[in-house]
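Please load the model in your viewer and keep the selection panel at hand.

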Amino acid sequence: MGLVDVQRLKEIVGAENVKDDKADLYVYGSDSSVHQAMPWVVVRPHTTEEVQNVMRYANPRMLPVIARGAGSGMSGQAVPIKGGIVMDFKKMNKILEINLEDTFVRVEPGVVDDDLNRALKPHNVFYPPAPASSRIATIGGEIANNASGVRSVKYGAVRDSILGMKVVMANGDLIHLGAKTRVEATGYQIDRLMVGSEGTLGIIVEATLKFVPIPKFRCLGIAKFNELEDAGNAISEIMSSGIILSMLELMDNIAIKAVNQALDLGLPDVEAILMFEADGMAKEGVDIEVKRMMEICKKHKGFGLELSYDAKERTRIFSGRKKLFPSLSRYKEGYVCTSLADDMAVPYSKMAEMAKKIHEIAKRNNVIMTAYGHCGSGCMHTKILMDPTKKSQWEDAKRAVFEIYSFVRSVGGTTSAEHGIGISKAPAFKREKHESLELMRALKKALDPNNILNPGKLMDAPDDWVTATKLRYTVKLEGK
Ligand SMILES: Cc1cc2nc3c(=O)[nH]c(=O)nc-3n(C[C@H](O)[C@H](O)[C@H](O)COP(=O)(O)OP(=O)(O)OC[C@H]3O[C@@H](n4cnc5c(N)ncnc54)[C@H](O)[C@@H]3O)c2cc1C
């Protein structure tokens, strides 16, 4: 802490925008992951120039700088494991331009996803990535993480909505990337490099994003299955049949139990539920797509089928899925819901096998795990429910995580579909990307030679983070 000249930072961003008391620092020491580490100081810039000046101060002194949006990242991306200056983007939250003629919007990085969509709605357009955390997640955090959501099967992940951005580099230089046009083929796509960089290559200070028209019709369907495998086969057939769908979500039996218990929704106690949606400007087109999905579900022994165009009814049907994460946190007294291996992607044909594997691995390793996810984009979510106060449970969880990722790799899947790598998923990420780690390190060195941008993450995160980093929980040494 003594390394930072707090007075100098106050001169740059204003005294009221610098926090260094213990209580504030504690809040910025964690995100939505299991990790914890105190920063030395927090700054809240209002302008790009202030960001540049903080970087110009930090870079020659080799002080770590960790960009932070809402801190909703689930893998410890915004946790300052090497200490340093947390740069909170709460105050850079202006929508700078809504350009209806050229169909783009320019925003500061601290704009919250839902706030952007509220501003776009009167114009009948929307910014589509929509992670489940859209109520709090910021555009800067979404880009740095390549977030996605339930409708990404049709509208893509965040990377598919980006036209350009402005980035402050480690030395304080400001660079403009991309363009305001829909296509661009002018050399290296460096804006793409910033996507998923988790704050390790540059600080995003502005983004130009495209938006799309809000569809006039949306129809949501639900089907229940007594066998997980049947639901998996329905997923495979839907995805290979050429249907234009906007959502396909799976919930397994533990997920169903969790929402019933927490919300009293009265969902049937079946092995799996699939929710599917089509949207569009013409009702006839939407009808065709949802009915085709319904037929495929029936063919694979789906029952209890319902369809609804009504917005209220759709919200009711979807409420269990929407509130699943908080429901899982209340599943078992004394247990917490951890995001340790929580968002892998596997080929469509392997979704059912993946879900079954998750259950087997949970049983073998003495933890509770659930399988749910955005099956339309191949993303399978799990959560590990465990007693975080027991050291042995962390060892159980570690083994379970290792087994999950070994399976994911064996079927050609990937470590993270949308939640990013940060600290928790770094060991699996390093195993998966072992051939490109040196290239990543070379890129990092070229852009950030003093290694001040969010150090100790991705390829530089510890291999055994359970022992090498601090956890948010007080862990007792006794056995199971
Ligand atoms: C209940 C819940 C549900 C979720 N559902 C989803 C989901 O459906 N889909 C999904 O993709 N994710 C989901 N997430 C994870 C998370 O919300 C997203 O990854 C989100 O994009 C993170 O945004 P944030 O503003 O909170 O970023 P933070 O957590 O603050 O930061 C994330 C990373 O971005 C970097 N960063 C932040 N701002 C900048 C900037 N201006 N410049 C450079 N780097 C920056 C940080 O350094 C960090 O590495 C969920 C999280 C929760 C808690």
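What follows moves from the domains to the ligand, then to a sheet, and ends at a single residue.

This is a predicted model, in which local features need pLDDT of at least 70 and side-chain atom pairs count only at pLDDT 80 or more, while totals for chains, interfaces and linings use all residues. Residues are numbered from 1 along each chain as its sequence is written.

**Domains.** Colour the chain by its domain assignment, which gives domain 1 (1-214), domain 2 (217-327) and domain 3 (332-468); such bounds come from an automatic or database domain assignment. The C-alpha centres of domain 1 and domain 2 lie 33 Å apart. Where these two domains meet, five residues of domain 1 are in contact with seven residues of domain 2, contact meaning that the C-beta atoms, placed from the backbone, lie within 7 Å.

**Ligand.** Select next the shell around the ligand, which holds 37 residues, the closest being Gly-69, Gly-73, Gly-140, Gly-141 and Gly-199; a residue is near the ligand if its C-beta atom, placed from the backbone, lies within 6 Å of it. The elements giving two or more residues to this shell are β3 (65-68), α5 (139-145) and β10 (203-210), and the largest share, five residues, comes from α5. Helices (H or I, at least four residues) and strands (E, at least two) are DSSP runs, numbered from the N terminus. Domain 1 and domain 3 each supply at least three residues of the shell.

**Sheet.** Now display the open sheet of three strands, ordered β16-β21-β18 with antiparallel pairing, where two strands pair if DSSP finds at least two bridges between them. Its edge strands, each pairing on one side only, are β16 (336-338) and β18 (368-369). Two bridges join β18 to β21 (residues 384-386), and Met-369 stands opposite Ile-384 in β21.

**Ser-30.** Finally, centre on Ser-30, in the loop between α2 (22-27) and β2 (41-43). Is this residue buried or exposed? Ser-30 counts as buried because it has 20 C-beta neighbours inside 10 Å, the cut-offs being 20 or more for buried, 12 or fewer for exposed, and partly exposed in between, with C-beta atoms placed from the backbone. Leaving aside neighbours within four places in sequence, Ser-30 is in contact with His-35, Gln-36, Val-79 and Arg-472.
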